[in-house]
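The sequence and structure are shown first.

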Amino acid sequence: MPASNQIRLLVLDDDVGDFRILARHLETVRTPRYGFTHASNIEEARVAISDNTFDAALIDYRLSESQNGLDFVKELGGREAPFPIVLLTGMGDGELDREAILSGTYDFIDKMALTRELADRAIRFSISSYRYERELRATIAEAKEQAAINQRTLALVSHEMKSPISSIIGYCDYIIDNCNTETTRDAAGKMKAASTHLQDFLSNLSEFVRLDSKAVQISRSSFQLKTMLDETVDFFEPYAQHKGISLIKIFDPMTDGVFVGDRLRVRQVMINLLKNAISYSDGGTIAVTAEWRNDILQVRI
């Protein structure tokens with residue numbers, strides 16, 4: 001409710017008698033107190049709005065043959081108006097009630113059934129709803145602004161890291177192709193797998209951005225399934241050895257070929273499963289099996 005404990009009302013009604021009846025009803029309300037500004041037509045209402053600040057407005061549906069209260073509600077902006085609007089009507093028309101709400105009014109009052117309680121409740125309900133709606137809009141706007149900042153940050157991080165990681169992968173390929181030591185080639189292969197994982201992580205960051213904009217899509221690209229599985233398991237070998245855990249790979253020969261699908265997401269599922277398996281194990285052996293059955297890839301940890 002307004003801090004002054006007084007509600008300043010604009011009443012737009014071309015029937016002075018109806019306005020006086022409404023005012024008499026509300027003047028008997030002890031708290032909050034009501035103050036009134038009466039306008040008999042839209043032109044007077046425009047002047048009153050430009051000269052005063054109101055907590056709510058009551059607008060009659062039928063003003064004259066040439067003026068319609070709902071048209072003025074739309075002119076004010078409906079729910080975007082500087083105050084909540086309650087429609088006054090002398091008709092018990094359900095379709096009109098629906099039109100009033102859709103136009104942006106917060107409530108409506110049937111003048112034929114007008115009571116002090118009805119008017120007071122409708123006005124206070126509208127003011128409370130208006131305030132909460134404004135607060136919600138501000139919160140949504142703040143959340144959208146923060147989301148935009150997050151998206152720009154993710155895009156910057158992704159852009160700045162992609163080039164160095166690609167260079168690392170390139171140097172790993174060079175070492176693998178030109179080094180004569182098997183141990184060094186194996187280490188370079190594991191470094192490449194780790195770098196590829198970081199590359200996939202950056203792609204996941206981009207996916208989060210696309211999720212916010214509802215633009216995410218499942219990828220359909222060709223990739224070597226067994227190679228991806230090998231690299232994923234090898235990536236966790238140092239972590240497993242540190243915990244005294246042996247990793248065993250059991251891959252169906254049918255997995256050794258080119259498959260079409262979303263490599264990034266399949267790899268991410270594998271990473272999550274393996275990470276949890278190693279994290280919650282204190283020793284022993286973890287077997288990773290992959291089978292191709294009935295056109296379905298089955299991976300078990």
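The expected span of a helix is 1.5 Å times one less than its number of residues; helices are DSSP runs (H or I, at least four residues), numbered from the N terminus. The model is predicted, so local features need pLDDT of at least 70 and side-chain atom pairs count only at pLDDT 80 or more, while totals for chains, interfaces and linings use all residues. Residues are numbered from 1 along each chain as its sequence is written, and side-chain values use heavy atoms, with hydrogens and water left out.

Helix H5 covers residues 116-178. Its 63 residues should span 93 Å, and because the end C-alpha atoms lie 92 Å apart, the two values agree.

Helices H7 and H9 pack at an angle of about 35 degrees, with axes 10 Å apart. Axes are lines fitted to C-alpha atoms, for helices over the stretch in contact, and angles run from 0 to 180 degrees between N-to-C directions. Contact means heavy atoms within 4.5 Å.

| Helix | Residues in the contact |
|---|---|
| H7 | Met228, Leu229, Glu231, Thr232, Val233 |
| H9 | Arg263, Val266, Arg267, Met270, Ile271, Leu274 |

Arginine 267 belongs to H9 and is buried (under 20% relative accessible area), at 1%. Not counting residues up to four places away in sequence, arginine 267 touches Ala193, Thr196, His197, Asp200, Met228, Glu231 and Thr232.

How values were computed. Helices (H or I, at least four residues) and strands (E, at least two) are DSSP runs, numbered from the N terminus. Buried means under 20% relative accessible area, exposed over 50%, partly exposed in between (1.4 Å probe, protein chains only).
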